[in-house]
Structures are given as C-alpha cells and as structure tokens.
Amino acid sequence: MDSTTISTVVQTISSISSLLGTAISARDETKRSEAINAIYTKLTEANGHALQAQSELSNALKRVDELSREIEKHNSWKADIARYRMKDFGDETFAWVLRDDTSDGVPPHKICPTCVSSHKISVLQSEGLNRYAQKRYKCSVCKNEINLGPRGKNHGNQTTATMNYKPDY
Ligand SMILES: [Zn+2]
C-alpha cells in the first residue's frame, strides 16, 4: 500500500477535526454552516481515500500471499532436490541420482536432468543399452531419451548389447 494514501487520510481527518472545532465555536450561523459544509466535503474525500487505501491493502495482501506460496514452493523444491546429486556416468553424460543418505527406503533411481531444470522430479525408466553400449533411459514426463556412460564401439545390434546390461547406481 502506498504510504501517501495513508498520510492523505490522516491529513483529511486532521482537517475535519479542525473544521469541527470551528463549527462548534462559531457564533455566527453562516460561519457554522460553512464549516459544516466543509466537514461534509472532507468526509466525502476521506471516504474516497479510505476506499482507495482498502483496495491497495487488499492488493498488497494478495501479493504477500502469492510471495508466501512462491517461497513455500521454492523451499519444498530445495528440500526435494537436496535428496539427489548430479552424477557423471562417463564421457560427460550426466543425470541426477538419489543420494544414499537420503534414500529413506526408496530404491536407487535416476531423475531426468531436463525436468530438474524445470523444478520437476521425474524418474528415468531404463530402456536397456544403445548400440554404443551406453545405458538408455527415457523420461516419462518430458519424453527425453538419455544415454549414460562412456560410448563404446558400435555394436550395431542393440539386442546383444542389452544382454550385457547391468544396472549401476
Ligand atoms: Zn524429463
């Protein structure tokens, strides 16, 4: 809320108080009537300023609520991703893996680096080996296919490579 709105309301109320003093102490009926009319005018102004202040306060509270939810979401994400670490599987191929000390009974798994950059945790599903004997994974959320591990010679036959597949966390 804009602080000038509040100070305008305070000034208007102060002005009303002063006019009220004039109206009460005026002996002349014309001066008293002028002071009462001025009070009505100031009351109308004060009401307008108060409504504006109420609107600004409502908007400020909405923004505070939005920011609180963003902070909560961010803190939740930080706690979730802290359970993982990025691992180099060789030849600069990377994925995030569940840390041993934070597994809490959850089986070892890898999560998609593309989804991590969008603050999502998506478990990678194994799809065996590619023809270069790299482990192949697919993200069920973003559908990215990821090859992990050093690239071997071209086997040309995925079935033979898949037979030698051993999970490695
Ligand atoms: Zn993904």
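Modeller: Two residues are in contact if their C-beta atoms, placed from the backbone, lie within 7 Å. With that cut-off, glutamate 127 touches Arg136, Tyr137 and Lys138, not counting residues up to four places away in sequence. Keep in mind that this is a predicted model.

Start with where glutamate 127 sits. The C-alpha atoms of glutamate 127 and lysine 138 are 6.8 Å apart in space, though the two residues are 11 apart in sequence. Why is glutamate 127 classed as partly exposed? Its C-beta has 16 others within 10 Å, and the partly exposed class lies between the exposed limit of 12 or fewer and the buried limit of 20 or more.

Now the sheet around this residue. Three strands make an open sheet, ordered E4-E5-E6, and the pairing is antiparallel. Strand E4 (124-129) and E6 are the edge strands, each pairing on one side only. On average, neighbouring strands here are turned by 30° against each other, direction ignored. Strands of a sheet pair through backbone hydrogen bonds, either parallel or antiparallel.

Take the first pair. E4 and E5 are joined over 4 bridges in the antiparallel sense.

Arginine 136 has asparagine 147 in E6 as its bridge partner. This hairpin has 5 residues between the strands, and lysine 143 takes a positive phi near 70°.

Cysteine 139 shows its surroundings well. Beyond its neighbours within four places in sequence, cysteine 139 is in contact with Cys112, Thr114, Cys115, Ser122, Leu124 and Asn144.

The largest nonpolar core has 9 residues: Ala95, Trp96, Ile111, Cys112, Leu124, Tyr137, Cys139, Ile146 and Leu148. Strand E2 (94-98), strand E5 (135-139) and strand E6 (145-148) each give two or more residues to this core. In soluble globular proteins, nonpolar side chains tend to be buried together.

E2 belongs to another sheet. That open sheet has 3 strands in the order E1-E2-E3, with antiparallel pairing. Strand E1 (84-88) and strand E3 (110-111) stand at its edges with a single partner strand each, so one side of each has no neighbour in the sheet. E2 and E3 pair over 2 bridges. Tryptophan 96 stands opposite isoleucine 111 in E3, and both residues are listed in the core.

Finally, the wider chain. The protein chain has 4 helices and 6 strands. From the N terminus, the order is α-α-β-β-β-α-β-β-β-α. Helix H2 (residues 29-81) has 53 residues and reaches 77 Å from first C-alpha to last, close to the 78 Å expected at 1.5 Å a residue. H2 is hardly covered, with 2 of its 53 residues buried. Over the chain of 169 residues, buried residues make up 14%.

Definitions and conventions. Residues are numbered from 1 along each chain as its sequence is written. This is a predicted model: local features need pLDDT of at least 70, side-chain atom pairs count only at pLDDT 80 or more; totals for chains, interfaces and linings use all residues. A nonpolar core is a set of buried Ala, Val, Leu, Ile, Met, Phe, Trp, Tyr and Cys residues joined through C-beta atoms within 7 Å. Two strands pair if DSSP finds at least two bridges between them. Axes are lines fitted to C-alpha atoms, for helices over the stretch in contact, and angles run from 0 to 180 degrees between N-to-C directions. The expected span of a helix is 1.5 Å times one less than its number of residues.
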